[in-house]
Amino acid sequence: MVPAGEHTLPELVLKYNKIWSKDNLSFDPNYFKNFTGGQYPGFTWIGCSDSRVASDTLTETLPGQIFTHRNIANGVSEDDANSLAVLQYTIDELKVQDIVISGHTYCGGINAAMDATAFDGPIAKWIKPIADLYEANRDQIDALLPGYERNYALGKLNVKRVVDIVGNLEMVKKAREGGQPVRIHGWMYHMETGLIEDLKITNE
């Protein structure tokens, strides 16, 4: 929390950015210059926008190692140019072979999908596929305890849904037919433990 009367949060972020830059340059004068020659990430992470789930932090990876796309409830839609552009760049330009779809526990987007009155407008449209998924599996999910268990169950189903969508995209099929490996992994980050669970639903 920013001390009252001293700095706004954006001001504090800019202040600490200067400290961070100076510290890295003191360790390696070419630290930032080394990034200007291009990026060669090992995998692409499609995750949630939740501020508590930062892929580079929870995987202890460095800048340049993960190509990242985040949105509410780690979605990919065939009519969403944003996520499709990320995947096209991943496959066609970066030649990344491993794509991770990562959900997480205590996801607000998943909770909203189980409450039809939670949002309207763009958010309601975005989470509608998850709401439909909930309705299709409502008996199974509602048999679980409210809160964590229901959120986790629907979150896993949503990850599988997105893995299937990505695996069936024409750009993925075309890459595979051309001999380029593309593996889509389904993971869940457990916020309460800091651990990532491999859901064992890899599409390859």
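**Helix packing**

Modeller: Helix α3 (residues 81-93) packs on helix α8 (residues 170-177) with axes 10 Å apart and an angle of about 10°. This is a predicted model, where local features need pLDDT of at least 70, side-chain atom pairs count only at pLDDT 80 or more, and totals for chains, interfaces and linings use all residues. Residues are numbered from 1 along each chain as its sequence is written, and side-chain values use heavy atoms, without hydrogens and water.

Colleague: Which orientation does α3 have to α8?

Modeller: Axes are lines fitted to C-alpha atoms, for helices over the stretch in contact, and angles run from 0 to 180 degrees between N-to-C directions. Angles under 35 degrees count as roughly parallel, over 145 as roughly antiparallel, 65 to 115 as roughly perpendicular and the rest as oblique. The angle here is about 10°, so α3 and α8 are roughly parallel.

Colleague: What is the orientation of α5 to α7?

Modeller: Helix α5 (residues 121-136) and helix α7 (residues 148-167) also have axes 10 Å apart. Their angle is about 120°, which means α5 and α7 are oblique.

Colleague: And which residues in α7 meet α5?

Modeller: On the α5 side are P129, I130, L133 and Y134. The α7 residues meeting them are L154, L157, N158 and R161.

How values were computed. Helices (H or I, at least four residues) and strands (E, at least two) are DSSP runs, numbered from the N terminus. Contact means heavy atoms within 4.5 Å.
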